Amino acid sequence: MNKSIDCEMLRRYDRAGPRYTSYPTVPQFHSDFGEEEFYACAQPTPRPHAGASMRPLSLYVHVPFCRSPCFYCGCNRVITRNGTVGERYVERVLAEAQRVRERLGRSGPVLQFHLGGGTPNSLSGSSLERLVHGLGEHFAFNSRVDRDYSMELDPRSLPEKPEDYAARLVRLGFNRVSLGVQDFDEQVQLAVNRVQSAEQTLDLVDACRDQGIQSVNVDLIYGLPKQSLEGFRRTLRTVLAARPDRMAVYGYAHMPAAFRAQRRIHESDLPDSAGRLALLRLAIEELTASGYRHIGMDHFALPTDALVLAQERGELQRNFMGYTTHGGCDLLGFGVSAISRLGDCYGQNLKDLPSWEHAVDSRRSPLWRGLALSADDRVRASIIEQLMCHGQIDLFTTEREYGIDFQKYFGDALARLEPLIADGLVTRTGQAITVTETGRLLLRNVAMCFDRYVSAAAESASASRTI
Ligand code: SF4
């Protein structure tokens with residue numbers, strides 16, 4: 001790793017920013033964009049970038065239930081120990097899916113399927129079967145080798161023995177799993193209210209592999225309370241010994257005003273900027289020394305992994321599930337707060353469970369808000385995806401594809417990029433803007449230069465400060 005980044009620089013760039021799993025990002029969605037506007041995107045149209053309902057599909061189901069709150073959590077979840085809520089939830093998801101399918105009229109093959117949460121494995125084995133088989137009545141699941149059918153797993157909440165659950169997943173067609181770990185250090189686990197042993201985690205990894213799951217991802221977090229270099233090194237080495245195909249190392253963002261559970265974290269237990277940087281450096285050193293490639297923001301994978309191969313071919317993409325090889329799919333999201341994308345339109349479901357339930361029970365669309373991409377959004381979305389996936393903007397191709405003069409169109413953005421160039425985070429030639437090795441650690445800051453909404457918000461904040 002390039003050593004030129006230091007704490008002072010990290011502090012300067014330390015501002016909250018999007019993870020750019022979409023552009024525009026979710027806060028830009030608005031509630032006067034409803035069901036009619038959203039489904040209009042599914043109609044075949046002559047516009048070159050607009051949607052088409054026969055595109056392959058990515059399906060997402062949000063399962064919000066968790067047994068106990070992890071204090072760092074920023075997800076939309078419902079804490080409950082009532083094991084029967086999942087059954088009723090699944091029936092409503094299926095009712096929603098049937099309605100969407102009828103509305104679309106037709107649909108392409110399902111190339112990507114993801115169960116996220118919350119804790120999807122809070123569903124009983126029979127509820128999970130009902131969910132997958134029920135969705136299969138409306139959408140074309142298949143056994144293509146390039147499919148990505150994945151599920152987030154919490155080893156603490158399995159409804160049956162790991163080998164039985166893993167076997168069930170394989171029978172249902174899943175070929176990928178993702179396990180949340182964060183840190184195995186006991187002090188950290190107590191401070192974030194998530195006690196999960198290395199043994200139960202690794203047992204589940206082994207069971208998944210033994211039963212035929214092809215790809216295992218593990219999530220870690222740096223910047224948690226009570227985290228130490230020694231403890232995090234032990235965690236990294238324990239996880240790396242299991243050789244997951246993919247790993248994500250996220251930075252904890254402490255935003256107690258936005259997320260209630262985070263108020264249970266004592267700020268004095270959090271590492272400072274220097275501590276966070278040291279933890280991140282450690283993670284990158286350990287992962288790269290073990291042969292993992294740094295794909296982009298927060299994500300690493302083995303050189304043989306499909307994401308790395310796609311990146312080498314220049315085909316890596318990004319969608320709401322993160323880095324993907326299936327970014328060209330239309331996305332249908334089901335369940336509370338789930339997000340969908342049809343062509344150039346985004347839509348998000350109601351965010352609180354009773355409202356979503358009520359909409360589904362009343363046979364109304366649970367869509368809450370969304371937007372249709374403008375021509376300007378499309379060019380910026382392309383640029384931000386190029387940065388996130390390839391660390392580079394191809395100026396010539398962008399100009400040709402979108403019919404713009406880059407220098408003129410992005411004069412403001414290029415001015416915002418100047419300090420980043422001066423700091424060695426980005427280089428610029430006549431053909432390309434390229435993120436340096438150091439800049440890859442601050443990828444979202446580079447992308448934010450091209451985000452019209454972030455810039456507008458920053459300008460209006462500075463205008464109101466001057467008034
Ligand atoms: S981190 Fe995951 S398991 Fe923990 S409360 Fe949040 S959604 Fe639930």
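**Helix Packing, Ligand Shell and Backbone Features**

Good morning. I begin with helix α5, whose buried residues pack against helix α4 (125-138), strands β5 (148-153) and β6 (176-182), and helix α7. Contact here means heavy atoms within 4.5 Å. Helices (H or I, at least four residues) and strands (E, at least two) are DSSP runs, numbered from the N terminus.

The structure is a predicted model, in which local features need pLDDT of at least 70 and side-chain atom pairs count only at pLDDT 80 or more, while totals for chains, interfaces and linings use all residues. Residues are numbered from 1 along each chain as its sequence is written, and side-chain values use heavy atoms, with hydrogens and water left out.

Which residues of α5 are buried? They are Tyr165, Ala166, Ala167, Arg168 and Leu169. Buried means under 20% relative accessible area, exposed means over 50%, and partly exposed lies in between, using a 1.4 Å probe and protein chains only. After α5 comes glycine 173, with a positive phi near 105°.

Axes are lines fitted to C-alpha atoms, for helices over the stretch in contact, and angles run from 0 to 180 degrees between N-to-C directions. Angles under 35 degrees count as roughly parallel, over 145 as roughly antiparallel, 65 to 115 as roughly perpendicular, and the rest as oblique. On the α5 side, Pro162, Glu163, Ala166, Ala167 and Val170 take part, meeting Asp203, Leu204, Ala207, Cys208 and Gln211 of α7. By class, the residues of this contact between α5 and α7 are seven nonpolar, one polar and two charged. Ala, Val, Leu, Ile, Met, Phe, Trp, Tyr, Cys and Pro count as nonpolar, Asp, Glu, Lys and Arg as charged, and the others, Gly among them, as polar.

The second pair is α3 and α4. Helix α3 (residues 85-104) packs with α4 at an angle of about 5°, their axes being 10 Å apart; therefore α3 is roughly parallel to α4. Residues of α3 in this contact include Val90, Leu94 and Ala97, while those of α4 include Leu131 and Leu135. The contact of α3 with α4 holds six nonpolar, five polar and four charged residues.

Next, the ligand. Its surrounding residues include Cys66, Cys70, Cys73, Cys75, Gly118, Arg156 and Arg194; a residue is near a molecule if one of its heavy atoms lies within 4 Å of it. The shell around the ligand divides into five nonpolar, three polar and four charged residues.

I close with the backbone. Most residues other than glycine have a negative phi, and most peptide bonds are trans. Between glycine 117 and glycine 118, however, the peptide bond is cis, with omega about 20°. Glycine 118 sits in the loop between β4 (110-117) and α4. Tyrosine 23 and proline 24 are also joined by a cis bond, with omega near -5°. Proline 24 belongs to the loop between α1 (7-12) and α2.

Is tyrosine 20 buried or exposed? Its relative accessibility is 4%, so tyrosine 20 counts as buried. Its phi is positive, near 50°. Arginine 363 also has a positive phi, near 60°, but with 70% relative accessibility it counts as exposed. Thank you.
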